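Here are some exercises to work through with the structure open beside you. Try each task before you read its solution.

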Amino acid sequence: QRLPADAAVKDVAGEHLRVFCNECTWQWAKKIGTSYEKAKELRFGSDEALAEDFAQSYNAETFSQALRARGVVRRGTASCRWEVQLEDGTWGPYEEDASASIESAHQLGQPELELRLGPRGWQYTIDLQNQVQRNDKTKKSRPIRRTEVATSPVSPEGVAGGARLTEDELAEAIRYFVGLCTLPSKATLSPAPPPSRPSGSSATPSA
């Protein structure tokens, strides 16, 4: 659904969150073998095991990744990039998706996150408190850093009537919804029901 071009940031993010929540519910319903309507009842219900299972796909990190993948996040004249120190002492950038995940965790104040990196898909712990990358298998650590880099403005039309979010606006909106317990910051947290549609919008389409 389209929103006005001058829609508030929280309305834009809230509309995308509503859609994302419904999409996660569809997929989760298939996963647990139930109907969409039943899944809506269970996703935020009293059964903590089910609520936490739903939160594996519906959380701040997956929401942030989804908006970036859909081109909702607008890149301005400068953006942040995460880099890791290489064997020769120089710094190399993480791949775009990995850097975005690290930045999202940084903005949310998470102490660390786990990522699979490289052609072999080895699992690493990104320790944001100590600014190191740690190989979970070899235990070897490397320093990491956050840098600002110049980028070209990008403004393709977004889902919400062309309304775009900057990285800072996305981070602020996510903190807002996490603070309301509308969106879990991690996959192990159970959220409350998602926000209602902005005033003036049509009702959620039924399945």
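**Exercise 1: The surroundings of a loop residue**

Setting aside neighbours within four places in sequence, Gln110 is in contact with Ala105, Leu128, Ser185 and Lys186. The model you are looking at is a predicted one.

Task: Find where Gln110 is located, and decide whether Gln110 is buried or exposed.

Solution. 
- Step 1: Locate the residue. Gln110 belongs to the loop between α5 and β3 (112-117).
- Step 2: Check its accessibility. The relative accessibility of Gln110 is 9%, and buried means under 20%.
- Step 3: Conclude. Gln110 therefore counts as buried.

**Exercise 2: Helix α4 against helix α5**

Task: Describe how α4 (residues 60-69) packs with α5 (residues 96-108), and name the residues that meet.

Solution. 
- Step 1: Start with the geometry. The axes of α4 and α5 are 10 Å apart, and the angle between the helices is about 130 degrees.
- Step 2: Classify the angle. This value makes α4 oblique to α5, because angles count as roughly antiparallel when they are over 145 degrees and as roughly perpendicular from 65 to 115.
- Step 3: α4 and α5 cross in a right-handed way.
- Step 4: List the contact. From α4 come Ala60, Glu61, Ser64, Gln65 and Arg68, and from α5 come Ala100, Ser101, Ser104 and Leu108.
- Step 5: Sort by class. The contact of α4 with α5 contains three nonpolar, four polar and two charged residues.

**Exercise 3: Helix α4 against helix α6**

Solution. 
- Step 1: The crossing of α4 past α6 is right-handed.
- Step 2: Ala60, Phe63, Ser64, Leu67 and Arg68 of α4 meet Glu167, Leu170, Ile174 and Val178 of α6.
- Step 3: By class, the residues of the contact of α4 with α6 are six nonpolar, one polar and two charged.

**Exercise 4: Salt bridges**

Task: The whole structure has 11 salt bridges. For the pairs Arg18 with Glu15, Lys38 with Glu41 and Glu87 with Arg142, work out the distance and the setting.

Solution. 
- Step 1: Recall the idea. Side chains of opposite charge can pair when their charged atoms come close.
- Step 2: Take Arg18 and Glu15. Their closest N and O atoms are 3.0 Å apart. Both residues lie in helix α1 (residues 9-32), three residues apart, which is about one turn of the helix. Arg18 and Glu15 are both buried.
- Step 3: Move to Lys38 and Glu41. The N to O distance in this salt bridge is 3.6 Å. Because Lys38 and Glu41 are three residues apart in helix α2 (residues 36-42), about one helical turn separates them. Lys38 is partly exposed at 37% relative accessibility, whereas Glu41 is exposed, with a relative accessible area of 54%.
- Step 4: Finish with Glu87 and Arg142. Here the side chains meet at 2.8 Å, N to O. Glu87 sits in the loop between β1 (78-85) and β2 (91-93) and Arg142 in strand β6 (residues 141-150), so the pair ties together parts 55 residues apart in sequence. Glu87 is exposed at 61% relative accessible area, and Arg142 is partly exposed at 22%.

Key. Residues numbered from 1 in each chain as written. Predicted model: local features only at pLDDT ≥ 70, side-chain atom pairs only at ≥ 80, totals over all residues. Heavy atoms only, no water. Axes fitted to C-alpha atoms, helices over the stretch in contact; angles between N-to-C directions. Helix = DSSP H or I, 4+ residues; strand = E, 2+ residues; numbered from the N terminus. Parallel < 35°, antiparallel > 145°, perpendicular 65-115°, else oblique. Left-handed = near helix turned anticlockwise from the far one by under 90°. Contact = heavy atoms within 4.5 Å. Nonpolar A, V, L, I, M, F, W, Y, C, P; charged D, E, K, R; others polar. Salt bridge = Lys/Arg side-chain N within 4 Å of Asp/Glu carboxyl O. Buried < 20%, exposed > 50% of the residue type's maximum accessible area, 1.4 Å probe, protein only.
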